[in-house]
Amino acid sequence: MADEKNIFIFGASRGLGLGLARTFAERGWQVVASERDKSEDLHAIEGVSIVTADVTEPSTYENLGFDAARFDVILVNAGITGASHQSADKATDDEVAKVMMTNAFGPARAGRALLPALKDGGTLAFMSSLMGSIADSSGGYELYRTSKTAQNMLAKGIAEQSAKERDIEVLSLHPGWVQTDMGGPNAKLTVEESVTGMADVLQSAGGGGYRFVDYKGETIPF
Ligand SMILES: NC(=O)c1ccc[n+]([C@@H]2O[C@H](COP(=O)([O-])OP(=O)(O)OC[C@H]3O[C@@H](n4cnc5c(N)ncnc54)[C@H](OP(=O)(O)O)[C@@H]3O)[C@@H](O)[C@H]2O)c1
């Protein structure tokens with residue numbers, strides 16, 4: 001169908017990625033979503049195609065067999081908090097590498113590798129965080145914050161160097177503070193509230209440029 005819309009969500013086994021897969025499926029989109037291990041919740045959503053991929057292992061996503069220009073939106077959602085102490089002073093080399101590879105370099109590599117599967121004029125989105133805003137920072141959460149700041153820088157680079165020529169918009173998305181395994185039970189937003197807003201933002205995006213925006217579409221300072 002000519003007006004059929006397609007999205008690939010990288011990291012959809014639970015939390016926000018799962019919620020977005022469900023919301024886009026309900027909105028009539030063709031959804032392809034990834035898991036690392038079998039997610040019963042993801043498999044329970046009708047009509048979603050599921051692939052297995054790890055954002056830190058290029059061999060798992062480089063040969064997924066997506067047709068060129070298949071997707072209107074590709075969202076790299078996968079992310080971790082990093083070591084619980086969150087301290088730059090305490091962190092081991094392995095802890096730094098893990099959070100940076102999962103939240104920044106892995107997503108950037110995956111986003112760039114998947115660009116051929118995105119339509120000209122489409123949207124490449126990365127799940128960032130307000131915690132990655134240098135302007136907003138009050139310090140703390142050093143591992144997580146620096147990984148998301150790095151992700152934003154890499155996303156801007158992809159926008160300028162790889163996406164612009166094809167009128168692809170690159171988004172760094174802040175979902176709000178959300179009740180997931182990562183956000184915890186005291187978070188302000190339900191998954192439903194956050195993903196409804198983010199789905200609206202993603203549906204109306206595309207057409208070149210770069211934005212760092214929240215789930216309501218409001219701009220966040222770098
Ligand atoms: N919740 C919040 O308040 C909040 C706020 C700001 C930003 N965010 C961002 O939103 C995104 C989703 O977070 P969430 O709250 O939904 O967290 P979550 O419930 O902990 O879910 C994290 C998701 O990322 C996946 N993932 C982790 N490492 C991966 C890897 N190496 N390869 C592929 N997938 C991987 C997980 O898959 P597995 O099930 O296989 O582990 C899971 O699907 C993250 O990027 C996070 O930083 C969340």
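Tutor: Let's take helix α4: its buried residues pack against β1 (6-10), α3 (58-61), β4 (71-76), β5 (118-127) and α5 (142-163). What we have here is a predicted model, where local features need pLDDT of at least 70 and side-chain atom pairs count only at pLDDT 80 or more, while totals for chains, interfaces and linings use all residues. Residues are numbered from 1 along each chain as its sequence is written.

Some terms, then. Helices (H or I, at least four residues) and strands (E, at least two) are DSSP runs, numbered from the N terminus. Buried means that 20 or more other C-beta atoms lie within 10 Å of a residue's own; 12 or fewer makes it exposed, anything in between partly exposed, and C-beta atoms are placed from the backbone. Two residues are in contact, or touch, if those C-beta atoms lie within 7 Å.

Back to α4. Its buried residues are Val99, Thr102, Asn103, Ala104, Gly106, Pro107, Ala108, Ala110, Gly111 and Leu114. The helix covers residues 93-114 and bends by about 55° at Met101; that bend is the angle between axes fitted to the seven residues ending there and the seven starting there.

Now zoom out. The protein has 6 helices and 7 strands, and along the sequence they run β-α-β-α-β-α-β-α-β-α-β-α-β. Its radius of gyration is 16 Å, close to the 17 Å that the globule rule gives for 222 residues, so the protein is as compact as a globular protein of that length. (That radius is taken over C-alpha atoms, and the rule is 2.2 Å times the number of residues to the power 0.38.) Of the 222 residues, 42% count as buried. Among contacts with a separation of 6 or more, 65% join residues 24 or more positions apart.

What about the nonpolar core? The term stands for a set of buried Ala, Val, Leu, Ile, Met, Phe, Trp, Tyr and Cys residues joined through C-beta atoms within 7 Å. The largest one has 51 residues, and Ile7, Ile9, Phe10, Leu20, Ala21, Val31 and Leu75 touch the most other members. Leaving out residues up to four places away in sequence, Ile9 touches Gly17, Leu20, Ala21, Val31, Ala33, Leu75 and Asn77.

Val48, in the loop between α2 (40-43) and β3 (49-52), is buried, with 20 other C-beta atoms within 10 Å. Ala69, in the loop between α3 and β4, is partly exposed because it has 15 C-beta neighbours inside 10 Å. Its phi is near 55°, a positive value in a residue other than glycine. Gln86, in the loop between β4 and α4, also has a positive phi of about 55°, and its 17 C-beta neighbours make it partly exposed.

Finally, the ligand. Of the 26 residues around it, Gly15, Ala78, Gly79, Thr180 and Gly183 come nearest; near here means a C-beta atom within 6 Å of the molecule. Helix α1 (residues 15-26) gives the largest share of that shell, 3 residues.
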